[in-house]
Amino acid sequence: MSVLLKTRVTAIGPEVADLAEGGVVILFADGSPPELAEVSVLHLTEQEPSEDAPQKGASITLGPVSATITAVGSTAWSKVREMGHVVISFNGATEAERPGEVCASEVDTGALVAALTPGAVITIAA
């Protein structure tokens, strides 16, 4: 399995749990503006994003929670590479609604909320 991105959670914005309960996680690299940090999972990259975007069927893990990528928006991976930003929707959609979105299979949102803690590792692999 080839790791496409490995990053570690550094901080959790105060509005993250509400979004995660709805199946949405917003990642932003450390140092994002405060207004974005409120809704974001801030992270520090441990393995730089790969040149190529993940394809449908790649895996994504957030701590103990695993899902399968079902769609990748047209600009999602370039935003990951440029600024460490992406919206991950755990909705099982086969087409991304927004260009900066990665869709993944549905997960237990309670487990997702619990997994989002400082120090948790997020990995995308193919």
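## Salt bridge between Glu95 and Lys56

Glu95 and Lys56 form a salt bridge, with their closest N and O atoms 3.9 Å apart; the term means a side-chain nitrogen of Lys or Arg within 4 Å of a carboxyl oxygen of Asp or Glu. Glu95 is in the loop between strand E6 (86-89) and strand E7 (101-104) and Lys56 in the loop between E3 and E4, so the pair ties together parts 39 residues apart in sequence. Helices (H or I, at least four residues) and strands (E, at least two) are DSSP runs, numbered from the N terminus.

Glu95 is exposed at 58% relative accessibility, and Lys56 is exposed at 54%. Exposed means over 50% relative accessible area, buried under 20%, and partly exposed in between (1.4 Å probe, protein chains only).

## Basis of the values

The model is predicted: local features need pLDDT of at least 70, side-chain atom pairs count only at pLDDT 80 or more, and totals for chains, interfaces and linings use all residues. Residues are numbered from 1 along each chain as its sequence is written, and side-chain values use heavy atoms, leaving out hydrogens and water.

## Other salt bridges

The whole structure holds four salt bridges. One of them joins Arg81 to Glu51, with the closest N and O atoms 3.3 Å apart. Arg81 lies in helix H3 (residues 76-83) and Glu51 in the loop between E3 and strand E4 (59-62), so this pair ties together parts 30 residues apart in sequence. Arg81 is partly exposed at 37%, whereas Glu51 is exposed at 62%.

Arg98 and Glu101 also meet in a salt bridge (3.3 Å, N to O). Arg98 is partly exposed at 41% relative accessibility, while Glu101 is buried at 1%.
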